Amino acid sequence: MIALLARWLHLTSSVLLVGGATMLLLAGPTDRPTARRWDAWIVGLGRLLTAIALLTGVIAVAGQTAVLEGRPGAALDLSAIVRMLLQTQAGAVWLVRGGLLLVLGAFLAVRMHLADRTDWRAARGEGALLGLAALGLVAAAGHAAAVEPDTATAIAVDVAHLLAAGVWVGGLPALALLLGLACQESGADARPYAVLAARRFSATALALVVVLVLSGAWNTWAQVGSVPGLLGTAHGRLLLAKLAVFAAMLALAAGNRRLVAALGGDAATIGRPAMRRLGRFVTVEAGLAALVLGLVATMSVTPPARHAQPVWPFSVRLSLGALDVAPELRSTVLVGSQVAVLGAAALLASLALRRLRLPFLAGGGVVLAAGLGIAVPPLVTDAYPTTYQRPDVPYHAAAIAEGRTLFAQHCTACHGTRGGGDGPAATALNPRPPDLRAHHVSLHTAGDLFWWIGHGLRQMPAFGDRLSPDERWDLVNFLRALSAADTARLLGPTVAPEPLWLVAPDFTFAVGPTPARSLKEYRGRKIVLLVLYTLPASEARLVELAQRYALLSTLGLEIVAVPSDAEPDALRRLGDARIFYPVVTEGARDILDTYQLFSAAPHVEFLIDRQGYLRAIAAGGAAGRDTDLLVADLQRLNAEKAPPPPAEHVH
Amino acid sequence: MRVWKAVLLMNLALALGLGVGWLWWGRQAQRLAQDLEAARVAAVPTGEREFRSTGVVRAGLGDLGLLVITHGDIPGYMPAMTMGFRTASPKILESVKPGDAVRFTLRGTPPNLAVTAIEKTAP
């Protein structure tokens with residue numbers, strides 16, 4: 001809590017330093033006494049703010065050390081703090097920033113005689129430069145530095161976001177101060193100067209808001225990435241709160257722009273009340289900005305939404321997948337969306353029109369609502385808190401085999417042995433259990449299935465008290481494999497140019513006493529031919545592969561052979577065949593349980609590309625597949641542009 | 001002195017300081033990498049050495065005097081892989097069959113190593 005407060009104070013003071021300095025630069029040098037008084041105030045506050053930034057920075061570093069070391073005591077342990085500063089990237093950034101702030105503090109502490117305009121610009125510009133550098137570097141130690149890939153872009157965008165925020169938000173209090181001084185009876189001399197400053201700030205702020213919105217959108221995509229992430233995680237909700245406050249700030253700012261435009265005329269006719277009102281509004285805007293900075297400080301210590309499990313807050317969601325089940329609704333949705341676009345266009349037009357604005361506004365609103373009313377209902381799908389959760393258990397043969405066992409124990413009575421909805425108890429049920437292999441399963445997320453297994457659905461009882469969460473995820477993985485196996489019937493014995501994007505379930509295996517390896521370790525490196533074989537019929541094929549193994553290896557292939565009886569003594573059985581590719585002696589049972597869902601033939605070969613997608617299934621007797629065809633397939637895969645690797649979560 | 005000149009000098013000093021810091025940081029990292037490399041090289045003793053590992057026999061190539069073993073990590077020599085090793089005597093070659101889980105000893109001056117002893121670890 002103290003660390004969070006320190007972070008907030010640190011961020012706020014850094015932002016105010018930047019904003020004050022840039023506001024001074026924007027307003028420009030002057031010789032009016034009140035304006036010079038303002039200049040001196042800002043510099044004096046700058047000294048104070050630098051001291052606060054340094055002090056709270058030290059506290060924040062101590063807090064971060066405690067988090068990194070995983071013990072609260074580390075915050076007071078000098079050696080741990082030194083270690084953090086010298087050995088981590090965040091520490092190095094803190095050191096450089098601390099150094100910059102020290103230089104800034106020293107620079108501001110020197111009393112300078114700034115009679116000359118060039119001197120004034122040099123001095124204030126230096127202050128702004130140091131402040132901007134210290135603030136911009138925050139990005140190099142934040143969440144942006146952890147974005148993969150494209151770390152450099154992420155940091156650059158975050159720097160732009162921080163600096164734009166610093167100049168805009170930090171400039172507000174300085175401007176409010178100037179307006180306040182100019183409103184006083186004694187400050188009349190500075191009024192034209194204040195008006196000029198407000199105008200320049202207003203123009204700059206408009207550009208800065210554009211930068212803020214664009215960089216903010218990019219950051220949101222990088223750190224949150226999805227609607228569930230925005231709505232279902234702490235980080236996402238903080239961002240929503242921040243956006244709400246930001247919207248309020250924008251509304252105020254839009255009003256202020258009008259006030260600034262109204263501050264017309266020469267010095268003599270400038271109205272004090274208008275200026276006072278502007279000053280008050282700018283102060284409110286600055287207050288909102290402080291709130292935003294508090295939210296930002298909290299966000300910086302919250303794990304980014306992309307790395308958190310979202311909890312979906314609504315009981316429905318919108319899904320285009322719903323149209324796959326009911327294709328007849330596609331045209332409805334299409335027409336509805338077009339009507340909605342028409343309405344939106346009318347709304348936009350109303351902004352541009354002066355006459356007829358009201359009719360256009362009302363008509364556009366009605367048309368937009370009607371269009372959405374037509375387009376949205378068909379897309380509505382049931383949703384649950386776990387809908388967007390990623391499985392805690394990976395899509396791995398061990399989990400699928402476990403799921404298969406659990407399915408046989410708990411589910412086959414109704415769902416049938418292969419999930420077809422044809423179990424012995426199914427006849428008594430109305431409606432009948434659905435076919436779990438059917439393609440419409442893809443409409444549901446893994447999180448949906450997880451929820452139904454735990455909480456039941458219609459006639460299906462809840463298994464939440466009988467099965468642990470991991471067991472439920474095992475079942476979900478089994479269902480995913482079942483569905484994939486159904487789709488995999490479309491795969492031929494040779495590679496088709498268009499992949500079906502079927503991820504090959506991961507598996508782990510070992511040959512004798514050697515360390516275990518997994519399919520995933522080959523990802524990005526080797527194409528894998530998984531051979532499930534049965535002796536003696538398969539022996540000729542295994543030997544043939546062994547004889548061509550040198551050629552196949554140079555084409556980037558690894559062969560993994562699995563005996564269909566999961567015999568631990570498989571190597572001895574092969575005798576003097578001189579087969580040197582891995583023959584699985586440990587882990588075979590799980591691999592068989594999983595891959596036999598795809599094909600139960602006694603000899604079957606699965607070709608898995610470098611990205612981990614299943615590309616061909618050749619089932620058959622001992623003949624298996626022609627090795628020359630395999631060579632052609634490998635050459636085709638080697639010539640392919642690498643498709644994107646599969647995401648970790650399921651849809 | 002005029003303030004703007006002082007600021008200019010200060011900026012030069014800052015840029016110089018940051019540049020030197022950057023270079024020093026790079027040098028430090030480079031030196032660490034070099035030290036690591038030197039330590040790695042120094043850690044590899046020359047002359048005859050002995051390694052022990054476990055594995056499973058894949059084949060005995062009597063004609064070449066080679067024993068093909070899928071072996072685990074051999075620390076300081078090579079990672080786990082399937083590899084043909086020279087045998088010190090034909091007796092070693094004859095004492096094991098494909099599929100045998102074994103514990104074996106390699107002796108020699110890398111990379112010229114030979115299996116000098118082997119025993120089965122499982123019946």
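1. Between chain A and chain B, six residue pairs are in polar contact, with both residues at pLDDT 80 or more. A polar contact here is a pair of N or O atoms within 3.5 Å; within protein, one must be able to donate a hydrogen and the other to accept it, and residues adjacent in sequence count only if both atoms are side-chain atoms. On the chain A side, α4 (89-109), α5 and α20 (570-574) each supply at least two of the residues that touch chain B. The largest share, seven residues, comes from α5(A). Helices are DSSP runs (H or I, at least four residues) and strands likewise (E, at least two), numbered from the N terminus.

2. Please keep in mind that this is a predicted model: local features need pLDDT of at least 70, side-chain atom pairs count only at pLDDT 80 or more, and totals for chains, interfaces and linings use all residues. Residues are numbered from 1 along each chain as its sequence is written, chains are lettered from A and ligands numbered from 1 in the order in which they are written, and side-chain values use heavy atoms, with hydrogens and water left out.

3. By class, the side of chain A that touches chain B has 20 nonpolar, five polar and seven charged residues. Ala, Val, Leu, Ile, Met, Phe, Trp, Tyr, Cys and Pro count as nonpolar, Asp, Glu, Lys and Arg as charged, and the others, Gly among them, as polar. Chain A brings 32 residues to the contact and chain B brings 29 residues, where contact means heavy atoms within 4.5 Å.

4. Two salt bridges are found across the interface of chain A and chain B. In one of them, the side chains of A:R578 and B:D63 meet at 3.9 Å, N to O. The rule asks for a side-chain nitrogen of Lys or Arg within 4 Å of a carboxyl oxygen of Asp or Glu.

5. A:V138 lies in the loop between α5 (117-136) and α6 (151-183). Leaving aside neighbours within four places in sequence, A:V138 is in contact with A:R97 and A:L162. A:V138 and A:V159 are 21 residues apart in sequence, yet their C-alpha atoms are 7.7 Å apart in space.

6. Over in chain B, strands β2 (residues 66-71) and β3 (residues 81-87) run antiparallel and are joined by six bridges. Within this pairing, B:L66 has B:R86 as its bridge partner.

How values were computed:
Two strands pair if DSSP finds at least two bridges between them.
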